Amino acid sequence: MKGYIATVSLALAVGVAADRTFTVYNGCPFTIWPAIFTGAGTSMPDYATGWEAAEYTSVSFSVPDDWTAGRIWGRRDCNFSISNPATQCADGGCNGGLECDTDGGTGIPPATLAEFTLGQNGDPDYYDVSLVDGYNLPVAITNTVGCGVADCPVDLGPDCPAALIGPYDSSGFPVGCKSACEADLDGDPTNSPNCCTGDYDTAATCPSSGVEYYSYFKDNCPNSYCYAYDESSGTALWECASDLAADYTITFCPSSSEV
Ligand SMILES: *[C@@H]1O[C@H](CO)[C@@H](O)[C@H](O)[C@H]1NC(C)=O
């Protein structure tokens, strides 16, 4: 008994890692293929890096509370019999096929990303729904402890500006809306006010007013992260005290009538 108590005390003293539970729910009225990518040098969620999700189904898995540089997104209209990863899915596809490579298996834009950096040692959790790499599905991040909701609940495909719209599915429906950076509207991605690169690579030199079609994304999805320096909007990057140990739910098509 004495040994048991000693073990518990030690565990409390060093703040033993507590896992979080993440749930990924497909609220879309069609199959999607969710994917997970973990940045280098951080431990990984206890789940496949990609799977097929039928409409209105969910999966839950545990995520280490030191998960940083993590992202979850959805892929549309996939066929993994196609050998070229660039064309396996209409958008969001990755190197690796159904399960994305743990090294370099990020999603092909346009893709709406749910991004996470879980906090350690008193730092908060940070999370956002990013449209920096464009849009391909409505996404919401909710949590169990009353922290803010990051979301882009609107289907940005049909009304996407002509310069950004697409790709399209086999029926001709737009399943994506590219960012101005990805669409290469200003012709030089290495020195671009749309990409915040070159002469425009700081928050001061890359205001949202210089990003073409920023307002299309931000007006429709104010609680999402709409360009590289969108933090100044105050509704792009979300925080949650890590000692609350939030569990998170990522919902695709949070209001499915929209898609
Ligand atoms: C998937 O791709 C393979 C290889 O190109 C093709 O033969 C097959 O018809 C495709 N399946 C569907 C359902 O489109």
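Start by selecting Arg76: with 23 C-beta neighbours inside 10 Å, Arg76 counts as buried (a residue is buried if 20 or more other C-beta atoms, placed from the backbone, lie within 10 Å of its own, exposed if 12 or fewer, and partly exposed in between). Residues are numbered from 1 along each chain as its sequence is written. You are looking at a predicted model, where local features need pLDDT of at least 70, side-chain atom pairs count only at pLDDT 80 or more, and totals for chains, interfaces and linings use all residues.

**Around Arg76**

Arg76 sits in the loop between strand 4 and strand 5. Strands (E, at least two residues) are DSSP runs, numbered from the N terminus. Now show the partners of Arg76: setting aside neighbours within four places in sequence, they include Ile32, Cys89, Asp91 and Val175. Contact here means that the C-beta atoms of two residues, placed from the backbone, lie within 7 Å.

Next, colour strand 4 (residues 70–75) and strand 5 (residues 113–117), which run antiparallel and are joined by 4 bridges. Two strands pair if DSSP finds at least two bridges between them. Zoom in on Trp73 and you will find Leu113 of strand 5 opposite. Both strands belong to an open sheet of 5 strands with antiparallel pairing, in the order 2-4-5-6-9. Its edge strands are strand 2 (33–38) and strand 9 (238–240), each pairing on one side only.

Now select the open sheet with the order 3-1-10-7-8, which has 5 strands and mixed pairing. Strand 3 (57–63) and strand 8 (150–152) each have a single partner strand, so one side of each is left without a neighbour in the sheet. Strand 1 (residues 20–26) pairs with strand 3 in the antiparallel sense over 7 bridges. Click Arg20, whose bridge partner in strand 3 is Val63.

**Into the core**

Which residues have the most contacts inside the largest nonpolar core? They are Ala114, Leu131, Val139, Ile141, Tyr227 and Ile250, in a core of 67 residues. A nonpolar core is a set of buried Ala, Val, Leu, Ile, Met, Phe, Trp, Tyr and Cys residues joined through C-beta atoms within 7 Å. Select Ile250: beyond its neighbours within four places in sequence, its contacts include Phe22, Ile72 and Ala114.

**Last stop: confidence**

Finally, colour by pLDDT, the predictor's confidence in each residue, from 0 to 100. The protein averages 93, and 92% of the residues score at least 70. Over residues 1–15 the pLDDT is below 50, and this stretch has 1 contact in the model beyond near neighbours in sequence.
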